[in-house]
Amino acid sequence: MKILSVNAGSSSLKFQLYEMPEEKVLISGLMERIGIENSFYTIKVNGEKIKKEVSLNNHEDAFKALVKELEENNVVDSLDDIKGIGHRVVQGGDYFDKSVVIDDEVLSKITELSSLAPLHNPAAVIGIKAAEEVFPNAVQTVVFDTAFHQTMPKENYLYALPYSWYTDYKVRRYGAHGTSHKYVAQRANEILGRTDTKLITCHIGNGASVSAVVNGKCVNTSMGLTPNAGLIMGTRCGDIDASIIPYVMEKTKMTPKQIDEVINKQSGLLALSKKSSDSRDIEEGISNGDENCILAQKMYVRRIVDYIAKYYVEMKGCDAICFTAGIGEKSVDTRRDIMKELEVLGVKLDAQKNNVRGKEALVSADDSKIACYVIPTDEELMIARDTYKLV
């Protein structure tokens, strides 16, 4: 059965077509600059990478370009070969604790939750509607980034704010990257050969979060009402004293929208390093003795270590720490710095094993009390698996 995994952004469309249940990738690609001048896409099919510049005025154009590639590369005989299309949606609120088939009510809820994910949910709705137009006979499903975190206990997802803010305005911790954390936790359990585990999964990329997972279920996560909570990220500040916001607004006369722009797009590694939001640039700066980059890395690592230690105590132990996403998978230095800070918990680094990028590997020493792994994430595969089950 052919299942298409889709991740629609406001001006992009990432896709991967699988033959299920074999989980064989038939074609994958990324459409970029949708609705913007100089749009293009890249695809990988039959082991070959192809880039094409083409006008993509909207997401429907992007899906039509995808159809053309499917047909010209003989990936499908007809569009009816694709039985299901799974869409990634960032915010499912507390309405959805699992993936579901899309109907009018589901689409309405996704739209309703757009205020909690203004950059992501509206784009997903556009992608869903475009897919329904182009693939009318396929079952459309949605996989929520927040669903995996719905198993958190109330004491971990509520804020110490007026309870009416929760009941009336849905103010609570939702988390994000749930599809990634779920995949990594499942894979870690496969590696360990058991499911009665205590895991700390670290999704460390430009956006970053840490989750505590007990027996395959999330019990806590670092992101909050929005993705701008928890860790220091590429351009997000992460945890701060909430009173900083009204204080700076009063001093500068900035609007809420301007403040939101600063804490989401002008903070984090970018602000600390005064150089870049990219971890690779930070590491280059460190090698050149740049004091700002050195400080940025120290603060970045410290925040990750703080959350790992917090979840270690909360779970009363830990079987494995898992690193994933761009920095987690590829930054040898960042993993080294984190693991050295965790020596008090019995973590021991194996420098030779840790010298790996983008590949699954055990990176801790054989006598480390907590096993540390690099596990490349695969959100598209998780979407395909859930969609296959629903179809």
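Glutamate 69 forms a salt bridge with lysine 52, and their closest N and O atoms are 2.9 Å apart. The pair links distant parts of the chain: glutamate 69 belongs to helix α1 (residues 59–72), lysine 52 to strand β5 (residues 48–53), and 17 residues separate them. A salt bridge here is a side-chain nitrogen of Lys or Arg within 4 Å of a carboxyl oxygen of Asp or Glu. Helices (H or I, at least four residues) and strands (E, at least two) are DSSP runs, numbered from the N terminus.

The model is predicted: local features need pLDDT of at least 70, side-chain atom pairs count only at pLDDT 80 or more, and totals for chains, interfaces and linings use all residues. Residues are numbered from 1 along each chain as its sequence is written, and side-chain values use heavy atoms, with hydrogens and water left out.

Glutamate 69 is buried, at 2% relative accessible area. Lysine 52 is partly exposed, at 30%. Buried means under 20% relative accessible area, exposed over 50%, and partly exposed in between (1.4 Å probe, protein chains only).

The structure holds 19 salt bridges in total. One of them joins lysine 348 to aspartate 367, with the closest N and O atoms 3.0 Å apart. Lysine 348 lies in the loop between α13 and α14 (351–354), and aspartate 367 in the loop between β13 (361–362) and β14 (371–374), so this bridge ties together parts 19 residues apart in sequence. Lysine 348 is partly exposed, with 40% relative accessibility. Salt bridges also link Arg187, Glu190 and Glu360 in a network.

Another salt bridge pairs arginine 336 with aspartate 333, at 3.4 Å between the closest N and O atoms. Both residues sit in helix α13; they are three residues apart, so about one helical turn separates them. Arginine 336 is partly exposed, at 30% relative accessibility. Aspartate 333 is also partly exposed, at 29%.

Serine 331 is found in the loop between α12 (325–330) and α13 (332–341). Serine 331 is buried, with a relative accessible area of 5%. Its side chain makes a polar contact of 2.4 Å with the side chain of glutamate 283. A second polar contact, of 2.8 Å, reaches the side chain of threonine 334. A polar contact is a pair of N or O atoms within 3.5 Å; within protein, one must be able to donate a hydrogen and the other to accept it, and residues adjacent in sequence count only if both atoms are side-chain atoms. Leaving aside residues up to four places away in sequence, serine 331 touches Ser279, Glu283 and Gly326, where contact means heavy atoms within 4.5 Å.
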